[in-house]
Amino acid sequence: MLIAEVYVTPDSNAIIPPFSSKVGKTLLSNPKDISISPLKYRDRYMVKYSSSPVCLEVIGGRTYSFEIGGENERVLKTLANLEERKVFNTVWRLTDIKISEVRVDFLPKFFEVEILTPALIVSPYFKSKRKVFTNKAEYVFFTNLIDVTGLRRGNGRLIDYLSVLSSALWEEPSVMRYEKVVYAGKTVIGLTGKLRYSVVAEDKLIKKVLESAIAKGIGSSRRNGFGRVKVVARGGTTW
């Protein structure tokens, strides 16, 4: 798995939506099968937490960035389609790209998932537009399990893998908050906070699931910038 951080600079001041991932999606020609983060400035994602459509502003000449994450070939192919273009009434110039590989070389006994943009957690057992607000591992990492296995909801083998997640990761006391954002004109409620887990059973599947979470985020709508995370192991190792 790869994460590419793309650095861009607008030619002039511009007003952008309160959830700023639309910029990166447009510059990349709206690709599929990868995640795209909102814009970042000074390592903070540009997201306005509000149920009102309060817009954000970017400053001409200032450097911003956004991340894309996914399987190696898909990320590299997506970067090949990156173009400087006019988005939200200003031209965005490409200034740099930094690519890093995501590898979880060891399975920590304890780790924390810090949710950096609201996560839209869905049920692994039935399809519904309603989101789930929980730190249960089989829910939080469901979309990552799909990434790793290629299976779909309802598949018997996927149910078995969900049981592995549930038995291998023990939910520790976590900090869970709920934030409202406006995306595409609609109010969306997502999960934020710090989710904590102990590893109670060794399984190589967990490493792959964590790599997917780090590269692509958790939950649904990751292509729209939701569910970006940072994983921190006890002792300070950060992915």
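Modeller: Let's start with a term: two residues are in contact when they have heavy atoms within 4.5 Å. Keep in mind that this is a predicted model.

Biologist: Fine. Then which residues is G193 in contact with, leaving aside its neighbours within four places in sequence?

Modeller: By that rule, G193 touches V113, E114, I115, V175 and R177. The glycine sits in strand β12, which spans residues 186-199.

Biologist: Is G193 buried or exposed?

Modeller: Buried means under 20% relative accessible area. G193 has 4%, so it counts as buried.

Biologist: On to the rings. How many aromatic pairs are there in the whole structure?

Modeller: The search turns up 9. To name the geometry, look at the angle between planes: over 60 degrees is edge-to-face. F19 and Y183 have ring centres 5.9 Å apart and planes at 90 degrees, so they are an edge-to-face pair.

Biologist: Where do F19 and Y183 lie in the chain?

Modeller: F19 is in the loop between β2 (14-16) and α1 (21-27), while Y183 belongs to strand β11 (residues 169-183). They are 164 residues apart, so the pair links distant parts of the chain. Both F19 and Y183 are buried. Ring pairs also bring in F226, giving a cluster of F19, Y183 and F226.

Biologist: What about F133 and Y178?

Modeller: Their planes are at 80 degrees and their centres 5.3 Å apart, so this pair is edge-to-face too. F133 is in the loop between β10 (110-119) and α3 (137-140) and Y178 is in strand β11, so the pair ties together parts 45 residues apart in sequence. F133 is partly exposed at 36% relative accessibility, and Y178 is partly exposed at 46%.

Biologist: And which residue lies over the face of Y45?

Modeller: That's K40, 5.4 Å from the ring centre.

Biologist: Last topic: pockets. How much space lies in the largest pocket?

Modeller: The general idea first: rolling a probe the size of a water molecule over the atoms shows where empty space is left. Here, the largest pocket holds about 1000 Å³. It has 32 lining residues, and T143, I146, D147, K216 and R222 are the closest to its centre. Helix α4 gives the most to that lining, with 5 residues. By type, the lining has 7 nonpolar, 9 polar and 16 charged residues.

Biologist: And which residues lie nearest the centre of the second largest pocket?

Modeller: I3, E67, I214, V229 and W239, out of 17 lining residues. This pocket has about 380 Å³ of space, and β9 gives the most to its lining, with 3 residues.

Definitions and conventions
Residues are numbered from 1 along each chain as its sequence is written. This is a predicted model: local features need pLDDT of at least 70, side-chain atom pairs count only at pLDDT 80 or more; totals for chains, interfaces and linings use all residues. Side-chain values use heavy atoms; hydrogens and water are left out. Rings of Phe, Tyr and Trp (its six-membered ring) pair if their centres lie within 6.5 Å; planes under 30 degrees apart count as stacked, over 60 as edge-to-face and the rest as tilted. Helices (H or I, at least four residues) and strands (E, at least two) are DSSP runs, numbered from the N terminus. Buried means under 20% relative accessible area, exposed over 50%, partly exposed in between (1.4 Å probe, protein chains only). A charge sits over a ring if NZ of Lys or CZ of Arg is within 6 Å of the ring centre and within 35 degrees of the ring normal. On a 1 Å grid over the protein atoms alone, a cavity is a set of points where a 1.4 Å probe fits but cannot get out, and a pocket is an open set with protein on both sides within 12 Å along at least five of seven lines; lining residues have an atom within 4 Å of a point. Grid points are joined across faces, edges and corners, and a volume is the space filled by probe spheres set on the points. Ala, Val, Leu, Ile, Met, Phe, Trp, Tyr, Cys and Pro count as nonpolar, Asp, Glu, Lys and Arg as charged, and the others, Gly among them, as polar.
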